Amino acid sequence: MGRTNVRVIVRARPTASFAGENFQFNEASDSIDMRLPKDESAGLVNNQQESWHFKLDKVLSNASQEQVFELSAAEVVHSVMDGYNGTIMAYGQTGAGKTHTMTGGHMGFADRGIVARAISLIYAEAAARPENNITIRLSYVEIYNELMFDLLTDVGVQDQSGDLAIVEDARGNIQVRGLSFPVGGTEEEALHIFFQGDTNRRVAEHALNKGSTRSHCVFTIHVESRSRVESSEKVIFSKLHLVDLAGSERVKKTGSDGVMLKEATFINKSLTFLEQVVVALGNKHRDHIPYRQSKLTHMLKDSLGGNCKTTMIANVWPEAKMLEETASTLRFATRMMKVANEASVNVHLDPQLLIRKYERQIKDLKQELAMHDTLAGRSRVQYEEYAPDEQRELEAKVSMYLEGEIPEIEVTSLRMVYEAFICFRKLYQQIRTELANRPLDYQPPRGDDEAGEAAAAPDGVPQEGEVGEDEEGKGIAVGVAPSGSRPPAEDRGPGGGYADTGDDAEGGGGMEARTQRPALGEDEKPPDKQVVFGDWKSREGQVYEDAFEKNKSELKEKRAEMRDALMMANSKKKEIDEAKERLSRKQADKAQSAAADEDLIDEEEYALIKSLKETKQQYRDAFEKHGKLKMEVIQTEHLMQQCKAKLVSGFEEYYEQKYGHLIKQAEAQEVEGERYDPQEMFDLIEADRIETQHPDALAYHKARKNAARDIRQKKVGAGATARGGR
């Protein structure tokens, strides 16, 4: 993938005191016009610029959390699952809505932020790719006063030294040494980990924000993907940085002092270094980029000008008293748009898996070589190191060759040459040792030829009929079992195999003990409920099914009519706006004409007024039709629910009447299982209710609940420790 610039999106905080005379948000053209009045204290000669025009990638005003995620983060998350690095950061002044955008509010599931939605989308994408083995790890770093803290470790933030180090690996990737990377097995576990870490962040209150975060936080999702179909040593690594930057502050507005003043100093300092890096990246003539000036810029080196797809959300507060901060944020946003990144898929090769792969290839090549040897008539060619028996056999051949008993040794492989030289060296050393230890008057004894041949015969050669005999170069034979070694029939099991021994009985019983017997006979088991339901629905429940299908078709028709009415209303609204604009232009041209009478209207103006009136009436009719259809859709959905409830209740009554005695009999023979207490029953009912609202809502609410429980337990433990200390 080629070089792409950082994508910048501006999100305006909803406010009741919107400065309409200073800001104009053009969402259609994705631009912002800002007017800043001149400072009257500068005197008569004042060349201060009054108006600015900012062109961005996207401008969002009064946008919902879901819209912000779809327009700014969804594409980056999909790229991360394809192997690209991604970064989404929120920038802006304090109180502009950065933490609300990234983390979310406290209004419930629909108010969750980009982090929770990104986690949900990543796990949904992982589930949709069964051909890959995907592992997801998480990390959460807080940069507070230029110190780095791990928010996911068991050690409390107050007990950490903050000396986490940023290092670069051999490939140039940025890593944090000593950081914990817990594995999120499910979406619920990942959300729970995030909520736990989020509670450890440093938050304070000042004049502009009741819950101002006093540090930069980087929540990172690390994705490791291995193919289950293709080469397994190929590993794709990617990471998604979700950055919540601390807001820039003007001390005269926040009124910070003491510790908060020190925090504001470090925050503004690190944001200044961030802006310096952005300015340097936007300048093509700069060779040095000052990444190492701060922990924040060093950690985000991949995201700024590196191997990453980056999106920045610039949060602004469009009120008259925030003009200077908003102008500063928009200027930084335009500079960030000039930063170019070059993203590529991160493919690595696992060295351990590569070794296993090469071992398999060597084994396959040896098998193929053995096949070629067999086809060429070269049987029993040895390529591996020789076993002791094979070494003795080769040593005997070498001795026979040296004695002149055989004219030559047939060389079948390079391994045989190596082993033959080893034998030559061994024999040479033996003869040399014998000659060195032999007395000068020693005479070699003379014996029979048979004895010499017997002494020269190699040890361990199998005799005919023995186990281990080589049958005509075909390999090692297993030998012949003696007669009478077959076990008697009574020692075998019922299937022709052997009966269980005493060890089996001691280790957990025989086959009968391990096999679970059915609780009921075939005739006494209640039939499958789904099969019975299908038969019953085609007979007794046909009336409910017909009513349900009828309501379903009516619902489909009414929804189509409702969509058409809504489209008609929208088109008429657009025509009304266009007609108003034409009429205003006509009246403006008429006002500029001195000869024209303002009380008189011409035919063109009359036609415009008449057309506008008719279009308004059509808009009202379409809107009223849409409202009526909406009520009919709600009523039809209610009827469908009633039909479904009657269908289910009717079948349950039928099934209970016909097979109730079998169900009770089966339940009586089953082992009594675990029973739910009232709290567990409430949790199950609550889980069903939440899951009907949204498929992803259950994991979100469970993670929230578990994180709140852990916080309460920590508080109780801390209180008990404090009382014990006193």
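In what order do the 3 strands of the open sheet stand, and is their pairing parallel or antiparallel?

## Basis of the description

The model is predicted: local features need pLDDT of at least 70, side-chain atom pairs count only at pLDDT 80 or more, and totals for chains, interfaces and linings use all residues. Residues are numbered from 1 along each chain as its sequence is written, and side-chain values use heavy atoms, with hydrogens and water left out.

The order is E3-E4-E5, and the pairing is antiparallel. Two strands pair if DSSP finds at least two bridges between them; strands (E, at least two residues) and helices (H or I, at least four) are DSSP runs, numbered from the N terminus. The edges are formed by strand E3 (23-26) and strand E5 (51-55), each with a single partner strand, so one side of each has no neighbour in the sheet. On average, neighbouring strands of this sheet are turned by 10° against each other, direction ignored.

Strand E4 (residues 31-35) runs antiparallel to E5 and is joined to it by 5 bridges. Ile-32 stands opposite Phe-54 in E5. Helix H9 (residues 323-336) lies across E3, E4 and E5, at about 40° to E5. Such angles run from 0 to 180 degrees between N-to-C directions, with axes fitted as lines to C-alpha atoms, for helices over the stretch in contact; contact means heavy atoms within 4.5 Å.

## The E10-E11 hairpin

Strand E10 (residues 165-168) and strand E11 (residues 174-177) pair in the antiparallel sense over 4 bridges. The two strands form a hairpin with 5 residues between them, and Gly-172 in the turn has a positive phi of about 85°. Glu-168 stands opposite Ile-174 in E11.

## Aromatic pairs

The structure holds 17 aromatic pairs. Rings of Phe, Tyr and Trp (its six-membered ring) pair if their centres lie within 6.5 Å; planes under 30 degrees apart count as stacked, over 60 as edge-to-face and the rest as tilted. Phe-194 and Phe-219 form an edge-to-face pair, because their ring centres are 5.1 Å apart and their planes stand at 65°. Phe-194 lies in helix H5 (residues 187-198) and Phe-219 in strand E14 (residues 216-227), so this pair ties together parts that are 25 residues apart in sequence. Phe-194 is buried at a relative accessible area of 0%, and Phe-219 counts as buried at 1%. Buried means under 20% relative accessible area, exposed over 50%, and partly exposed in between (1.4 Å probe, protein chains only).

The rings of Phe-195 and Tyr-700 are also edge-to-face, with centres 5.6 Å apart and planes at 85°. Phe-195 lies in H5 and Tyr-700 in helix H20 (residues 697-725), so the pair joins parts 505 residues apart in sequence. Both Phe-195 and Tyr-700 are buried. Ring pairs link Phe-109, Tyr-140, Phe-194, Phe-195, Phe-219 and Tyr-700 into a cluster.

## Charges over rings

Arg-13 lies over the face of Trp-317, at 4.2 Å from the ring centre, and Lys-309 over the face of Tyr-84, at 4.5 Å. The criterion is NZ of Lys or CZ of Arg within 6 Å of the ring centre and within 35 degrees of the ring normal.

## Helix H2

Helix H2 (residues 74-81) has 6 of its 8 residues buried, so it is largely enclosed by the rest of the structure. Among them are Val-76, Val-77 and Met-81. Gly-83, which follows H2, has a positive phi near 110°.
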